[in-house]
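Let's walk through this one together with some quick questions and answers. Have a look at the chain and its fold first.

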Amino acid sequence: MNRVCGSNELSTDSCWQVLSTHAEALKPRHLKELLAEKGRFEALSFRHEGLLLDLSRQRIVPETLKRLMELAEASELPRWIEALFAGEPVNDTEKRPALHTALRLPQNASLQLSGQDLVPDVHANLARMAEMVTQLHLRQWRGYTGEPIDTVVNIGVGGSDLGPVMACRALADFQPEAAQGLNIHFVSSMDGSQLAGLLDRLNPATTLFIVSSKSFTTIDTLANAETARRWLAEASGIADEVLVRRHFVAVTASPEKAAQWGVPQDNQLHFWDWTGGRYSMWSTIGFPIALKIGMDNFREMLAGAHSMDEHFRTAPLGDNLAVLLAMVGVWNINLLDYHAHAILPYDGRLAHLPAYLEQLEMESNGKSVRRDGSLSERRTCPVLWGEVGPNAQHAFYQLLHQGTEAVMSDFVVPVRRYEARSETLQRQHQLALANCLAQARVLALGDAALDAEPASPWQQYSGNQPSTVLLLDELSPRTFGALIALYEHKVFVQAVIWGINPFDQWGVELGKKMATRMLEVLGAAGSDEGMDLPTTGLLAEIRRLRSGEA
């Protein structure tokens, strides 16, 4: 029989009970009381790789972290971490490992999977990608007229789009001189609206398309790729084979499918089925990132992520940034009943971070079925959303400060920026820093942050809304890599605590299958048989409007 959590023999049930009792005792204490305790910041802030994780505005005390770490131990988190890095099939429903961390290993490392060392293959693909990057930067890749390529369009969706878009925006300041004449665009919408507007402005003779698809069967991506191919054919009037060879690169884990579509092996970059889509920007899916910031900076991004990997793998749980960030999230969701999570970067370069984390967290942990097939008795992933802080302040901060919904928030901000630029720009970054700290303070303290009592009820702030502040020394390829890896590992830790598999996405797959079926129904000879009544009604209306009936 297990003893009470905190003894040498841990059980998850007893740990949850201890945490529940602790939470009930702590709930009546307002953050304005907790923040007044001396030494709180020093006890609840943690550092690694140019990042500072400040948990002092969370509704916790140091004892809370101790109890949370006991739950992590009882859930066998250390064993799961080792299994992740060792290449065990932690994605048990699809019977494969999740080895995105292998994509960040240095060249002198080794990782065996089924008797094969993965590292040489990873670096061989990076080397091939580097060759392509150099070719494009030196204007040696030429289109069907012989003119050099000056525009690249990445066609992808989900992880093949969100990660590269985010990284290119975040690290644009690090673009090398050789890359500055190369225009990079991203297309992901299945309705063709992004692509149609873009093609009207591009020169087909100097445009290269990157088709990024793990399976090379994704309907959204292939529909956009086919539209691009037809656009080139109509503009050039030359053979399809020549066009594809000069104007298409495939990034895929299914080289045979890419070849069937027409992309020759020499124009392919590969990754592996153990690379989940939302974890894939570290692989050759990051080709647009490397084109934007250069291979040296891309490798720095990998190095920053690897540094966080090593920290996650080796640091004690109580000093481990990913574990701490994850377990405080578990505390908020399961013990304090928070169901909404705002991501609030205070730097315009991180504008796409909220959307990226929405996919990373909600696609990974938005599940109600545990690894053993049972339904979860606890809440799992909350609803995530966010926006760049200054915009968000004029959009949804009203709800954060005075609404009826309890929300936890992450503030992300670099300390240094524009140090080699004008004082005016430096003052603008100072303004962003000031707003970030001010908003976190008011969320926590409410009216106590003000110098005077509010004059009326509608000017009152209750406060007591928890937030985490992530300070980056500066936003660089290395710190950016570490930041994203931190959130990846946070997601894994929470999945372990909730007993779910974060690496499959069966909910997404069902939607894809139904969309394929609906495409057939919408066709000229499609049948409504088996459709529900509302869908049948909509189909009738669509057909009536298409036929031009009044």
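Q: How many helices and strands are there in the protein?
A: Helices here are DSSP runs of H or I with at least four residues, strands are E runs of at least two, and both are numbered from the N terminus. On that basis the protein has 21 helices and 13 strands.

Q: What should I know about the model before going on?
A: This is a predicted model, where local features need pLDDT of at least 70, side-chain atom pairs count only at pLDDT 80 or more, and totals for chains, interfaces and linings use all residues. Residues are numbered from 1 along each chain as its sequence is written, and side-chain values use heavy atoms, with hydrogens and water left out.

Q: What percentage of the residues of the protein count as buried?
A: Buried means under 20% relative accessible area, exposed means over 50%, and partly exposed is in between (1.4 Å probe, protein chains only). Of the 550 residues, the buried share is 53%.

Q: Which domains is the protein divided into?
A: The bounds come from an automatic or database domain assignment. Domain 1 is pieced together from 12-74, 315-449 and 473-504, while 102-291 make up domain 2 and 507-546 make up domain 3. So, going by that assignment, the names are domain 1, domain 2 and domain 3.

Q: How many residues do domain 1 and domain 2 bring to their contact?
A: The centres of these two domains, taken over C-alpha atoms, are 33 Å apart. Contact means heavy atoms within 4.5 Å. Domain 1 gives 27 residues and domain 2 gives 17 residues.

Q: Is Asp347 buried or exposed?
A: You'll find Asp347 in the loop between strand E10 (340-345) and helix H15 (353-365). Its relative accessible area is 3%, so Asp347 is buried.

Q: Which residues does Asp347 touch, not counting residues up to four places away in sequence?
A: Leu55 is 292 residues away from Asp347 in sequence, and their C-alpha atoms are 20 Å apart. With that sequence cut-off, the residues Asp347 touches are Val388, Pro414, Arg417 and His429.

Q: Where is Val521 found, and is Val521 buried or exposed?
A: Val521 is part of helix H20. Leu539 is 18 residues away in sequence and 8.6 Å away in space, C-alpha to C-alpha, and Val521 touches several residues, including Leu539 and Arg543. Because its relative accessible area is 3%, Val521 counts as buried.

Q: Is Ala525 buried or exposed?
A: Ala525 is in the loop between helix H20 (506-522) and helix H21 (533-547). Ala525 has 78% relative accessibility, so it counts as exposed.

Q: What is phi of Asn464 near?
A: Asn464 sits in the loop between helix H18 (423-445) and strand E13 (467-474), and it is buried, with a relative accessible area of 14%. Its phi is a positive value in a residue other than glycine, near 65 degrees.

Q: What is phi of Glu49 near?
A: Glu49 has its place in the loop between strand E1 (45-48) and strand E2 (51-54). Phi is positive here in a residue other than glycine, near 50 degrees.
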